[in-house]
Amino acid sequence: MTLESRIPTGPLHEKWDRHRFELKLVNPANKKKFNIIVVGTGLAGAAAAATLGELGYNVKNFCIQDSPRRAHSIAAQGGINAAKNYANDGDSIWRLFYDTVKGGDFRAREANVYRLAQLSVNIIDQCVAQGVPFAREYGGLLDNRSFGGAQVSRTFYAKGQTGQQLLLGAYSSLMRQVNTGKVEIYPRREMLDVVIVDGRARGIIVRNLVTGELESWSADAVVLATGGYGNAYYLSTNAMSSNVTAAYRCYKKGAYFANPCFTQIHPTCIPVHGTYQSKLTLMSESLRNDGRVWVPKEPGDKRAPEQIPDSERDYYLERKYPSFGNLVPRDVASRNAKEQCDMGKGVGETGLAVYLDFADAIARDGREAISAKYGNLFEMYEKITGEDPYETPMKIYPAVHYTMGGLWVDYNLMTTIDGLFSLGESNFSDHGANRLGASALMQGLADGYFIIPYTIGGYLAGSKLPAVDNSASEFKEAEEKIRSQVDKLLSIRGKRTVADFHRALGKILWDYCGIAKDEQSLHKAKQMIAELRDEFWKNVNVPGDAADLNQALENAGRVADFMEFGELMVNDAIDRKESCGCHFNTAFQTEDHEALRDDENFCHVSAWQYTGPESDPVLHTEPLTFENVELTQRSYK
Amino acid sequence: MNWFVENISTALGKKLLMAVTGLGFVGFIFVHLAGNLSFYFGKEAFLTYVETLHKLDPVIVVVELLLLLLAIIHVTTGAVLFFQNLRARSTRYAVNKTAGGRTIGSITMPYTGFLILLFVILHLSQFHFIDRAQMTPYDAAVNTFSNIWFSLIYIAAVILVGIHIRHGFWSLFQSLGLNHEKYMPLIRTLGIAFAVAVAVGFAFVPIYIRAVT
Amino acid sequence: MSSRTINLTLKVWRQNKNNPAGALETYPANDISTDMSFLEMLDVVNEGLTEQGIEPIAFDHDCREGICGMCGAVVNGRAHGHMPETTLCQLHMRHFKDGDTIVIEPWRARAFPVLKDLVVDRSAMDKIIQAGGYISINAGGAQDGNSIPVPRDNAETAFNAAACIGCGACVAACPNASAMLFTGAKISHLCLLPQGKPEAKKRALSMVRAMDELGFGNCSNEAECEAECPKGISITEIARMNREFIKAAFS
Ligand SMILES: Cc1cc2nc3c(=O)[nH]c(=O)nc-3n(C[C@H](O)[C@H](O)[C@H](O)COP(=O)(O)OP(=O)(O)OC[C@H]3O[C@@H](n4cnc5c(N)ncnc54)[C@H](O)[C@@H]3O)c2cc1C
Ligand code: HEM
Ligand code: HEM
Ligand code: SF4
Ligand code: F3S
Ligand code: FES
């Protein structure tokens, strides 16, 4: 099978318009005859489900949490980009497009990114109309700020809770459709398989997380918006239930998985305290505007920060990158922090942290000014760590944050399985090898509100879809397979808990397939994962029974998939013999320790095809062509 | 009228009924307290007050009927709310602590209310349903309060009324939607002042009467 | 801050299909680092229980950073524990003392049936929103975001109300198991913005009615909700809802 990206022809800025015109339409009277399943209620899923309901389709919307409003999108803090140019500072659709392609280190499709930039404008309008309380200026108009090192102020925000407010906007539209009866919601359900009938996705199997029952749901198309898989690393900034299961099981049914090794690691998170730690909390990047990053010059210096005189501190970012200083991009900051800690200069009890010091900023601007800017972040930090950042420097460390990889989709957001679409973080589409701040929210909403409603119509109108219901044998078979896996997990009753295995897997991935990779350790990781997986299936202890609310069982299923998927990440990392964006292979770097791309050989999307439990996956590549931008090497010196 | 019944029987409708009737009571208690102050100026003063009042007889009758109506609404709605609220939490907590929102007044509203109801019945039987040819209201007061137990019951009851008002006063503004951060502190202070004035003002009547007779 | 470890005794509500009546069970929680969050403490206890062959305690959680609203339990009689404006996942063990006994119960309200242990069914809150907690606008029909200015104060007040995470602590803490703070916050958020005005009347009436039908209690202005709300939502939002309701019901 060849990868058909279905990118429309014609000039970049006309592609989407032309494509919309060329897509077949579903007759309004016929829409009510189509059933669509949407899995996930994050920005992408909720927006899609609500919009498809508005159009008249019958939608069933599933999520793991007890309410659609709790999807992980709720946690996004910083903001959402849009090329509104309200600030009149030179922004444009073209500039947002260009920044995104460049930010992704030229590993994303031009056409997709351009469409995203075009739609960004409509997203803001839609959200304002829904009542999203964006920050405003005194004149009553929308306020913008510059985010993540962008040169223009194009980020819309609602205090530090942008994701929450956007999701509640989408959720409210969704609830409105539930009220009209066009959408039915099924919370506390976990999708465990996609069902394929005659080569098309025609339904899903979910486990009812309250009763433990397996339920089969049939439909004319399935839309997956199940978020990212950062939790493969055990510790990440993602919510606890974030998983790869839904996407991975689609992969096993024939959907290609693209760029699984592209993981973004965020430099400013609260460091790990101990082995019991369950998740990492992101501290806004904006802190680096005023905080100075340092470590002691001497490895192993265990003095309290106040006792280390200035002359014995190493402000390594300022030293190495004099022009950008503490504001170097995420990946550069992360990599350097790890490097310092690897040299034994890390601080705190674990030695896995660097200082982010506000003393100079407070001395310069006064406590008031700093508190006005960062007050709530400082409070959050104090709540978690019990330390007061006004008095003693913050400790920060990088943490897994976002996964650019995901199911491969064409321009219509359809995977390699006909009728199976993937939106939001669960697809690979728009961010290339690195995502810019404030653009994941934008992508999720663009996919959900403005892309899938058109492209799914084109699919439904253009396909022959014989009636299928959930009594079809394909559903029974899928259920049977899941049931036997569940029974297997419950029957092992070994010695190690699920969390224990998850921690072990996370450590392997973090150590060998994290901030910086090299071929040798990747191979080692591959081996270690295989061994761990073997032990998992012999020695895991999953208590309780299947026909019940059983959180250990839920986790066991997810960890089992992470164990297989982790190997896919490693395979992809081994295969990509270059450094690009967040993928940093130490063998490929410039003299300044910048990621060194190999555009000759790796200017492509890597899409992996599952071939069975015993055989290695097969790689397919989609070449990326850049007609509108010039490939450049970035430099932050 | 259907829409009215429908809206007034919602949770907020009932809350509104409590607030409006409560407000009526607040007004009545205010006037009643003011009237009773004339006790402190002696029998003559008091009886002049009663006479002037009774010159308005037809109005008084209307006011009395209105009060009765308010009482019926306040009591029945209060009772309905009380039982609905009990039912809304089928299983109780093993440990229950306040976070600081509740006050003695708010916790005891239904109980103080119920005791006030008993008191009012007693009070009316002693002061209102009397043979006015035989006995002036002043005599009724002297009669009642010469009994130490009745005096104590009255004093206790008016303290309960004070406690009920302590919460009820600000609460009725909140129920009517009149909570504004600029004015609420004032309303709360007024409520407490009024509650104290009611408790003290009424409580001294029996003491004073016992002292002068 | 250097971390210490403490030993605790937990009394946890256990309820499942084999024990539908439920009861408090006592478990030791030893060597708990004071840097742990409350949920991490439960994780550790659960790992121990699993190793002993006892089913772990079921509790809801997801983001573990105080924003999704999924977590929550009544800890020693206080919803989300005793720290102000803190969700259970953000409550840290440094606020407990060595030797403490901690009683952990699920949210209790007729409208929130217990599913298992500390897990309750809060779908009633979604149903309140379904009754009108939205602005009726279809994707695609919106005008330019800056075409309607919103006074900054209004936008901020609306934001403060919209900050509700739907955790249900207000219901759990209310002596009457009333959902007024939650509902008031949503009605306030929408009625404060020009976009929300056209539907304000219908919204107030139907959301209040939904609240009644779902079995929540009435409000007697106890203000416990406000004191426990992890997002600091104020009962002025309830007052605003009352105002909206009065306008809607009698005009
Ligand atoms: C702490 C943090 C801060 C962030 N800040 C920003 C920011 O400022 N700006 C920005 O642009 N981006 C930010 N991001 C990234 C952004 O929040 C996410 O990429 C985005 O919200 C993902 O949305 P989504 O709709 O794709 O998926 P999610 O919101 O993750 O939703 C996934 C949905 O799928 C459901 N689901 C998952 N698996 C299954 C299954 N197996 N069965 C059934 N249902 C399932 C879940 O229940 C959920 O409803 C941040 C991320 C984090 C972690
Ligand atoms: C006759 C006996 C009375 C009974 C049984 C009674 C009962 C109650 C009850 C149960 C409540 C709480 C309602 C709720 O919010 O759930 C209440 C509130 C109130 N009561 Fe009374 N009460 C009585 C007399 C009075 C009197 C004499 C006053 C006069 C001052 C009064 C003033 C109020 C006020 C102002 C409220 C608050 C209303 C609100 O919250 O909106 N009540 N009453
Ligand atoms: C020590 C305190 C009090 C004294 C001395 C007192 C005295 C009186 C007197 C003399 C009357 C008769 C007036 C008349 O019919 O001409 C009266 C009536 C009445 N009192 Fe009081 N009162 C006291 C406290 C209260 C309190 C606390 C309440 C309410 C909670 C109350 C409620 C009433 C009512 C409802 C009437 C009947 C009013 C009417 O008929 O119009 N009283 N009281
Ligand atoms: S109002 Fe506060 S306590 Fe109630 S659900 Fe919202 S956030 Fe939770
Ligand atoms: S605690 Fe309950 S009584 Fe009202 S003010 Fe809050 S809902
Ligand atoms: S787990 Fe999300 S708020 Fe506590």
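This is a predicted model: local features need pLDDT of at least 70, side-chain atom pairs count only at pLDDT 80 or more; totals for chains, interfaces and linings use all residues.

User: What makes the arrangement around the iron atom of ligand 3 octahedral?

Analyst: Six donors count as octahedral if opposite donors are over 155 degrees apart and all others between 65 and 115. The six donor atoms around this iron atom subtend angles of 88 to 179°, and the arrangement is therefore octahedral. For reference, the ideal angles for six octahedral donors are 90 or 180 degrees.

User: Which protein atoms coordinate the iron atom of ligand 3?

Analyst: They are NE2 of His32(B) and NE2 of His123(B), at 1.9 to 2.1 Å, and a donor is an N, O or S atom within 2.8 Å of the metal (3.2 Å for Na, K and Ca). The pair joins distant parts of the chain, since His32(B) lies in helix 2 (residues 11-36) of chain B and His123(B) in helix 5 (residues 104-127) of chain B, 91 residues apart. Helices here are DSSP runs of H or I with at least four residues, and strands are runs of E with at least two, numbered from the N terminus.

User: Why is His123(B) called buried, and what is His32(B) called?

Analyst: Buried means under 20% relative accessible area, exposed over 50%, and partly exposed in between (1.4 Å probe, protein chains only). His123(B) has 17% and is therefore buried, whereas His32(B) has 23% and is therefore partly exposed.

User: How do you know that Arg102(B) and Glu222(C) form a salt bridge?

Analyst: A salt bridge is a side-chain nitrogen of Lys or Arg within 4 Å of a carboxyl oxygen of Asp or Glu. The closest N and O atoms of Arg102(B) and Glu222(C) are 3.0 Å apart, so the pair forms a salt bridge. The count between chain C and chain B is two salt bridges.

User: How many residues does each chain bring to the contact between chain C and chain B?

Analyst: With contact meaning heavy atoms within 4.5 Å, chain C gives 47 residues and chain B gives 42 residues.

User: What makes Arg202(A) and Asp220(A) a salt bridge between distant parts of the chain?

Analyst: Their side chains meet at 3.2 Å, N to O, which is within the 4 Å limit, so the pair counts as a salt bridge. Arg202(A) is in strand 7 (residues 200-208) of chain A, while Asp220(A) is in the loop between strand 8 (214-218) and strand 9 (221-224) of chain A, 18 residues apart. Arg202(A), at 3% relative accessibility, counts as buried, and Asp220(A), at 9%, counts as buried too.

User: Why are Asp511(A) and Lys507(A) separated by about one helical turn?

Analyst: The reason is that they are four residues apart in helix 13 (residues 498-512) of chain A. At 31% relative accessibility Asp511(A) counts as partly exposed, whereas Lys507(A), at 53%, counts as exposed.

Key: Residues are numbered from 1 along each chain as its sequence is written. Chains are lettered from A and ligands numbered from 1 in the order in which they are written. Side-chain values use heavy atoms; hydrogens and water are left out. Four donors count as tetrahedral if all angles lie between 85 and 135 degrees; four count as square planar and six as octahedral if opposite donors are over 155 degrees apart and all others between 65 and 115; anything else is irregular.
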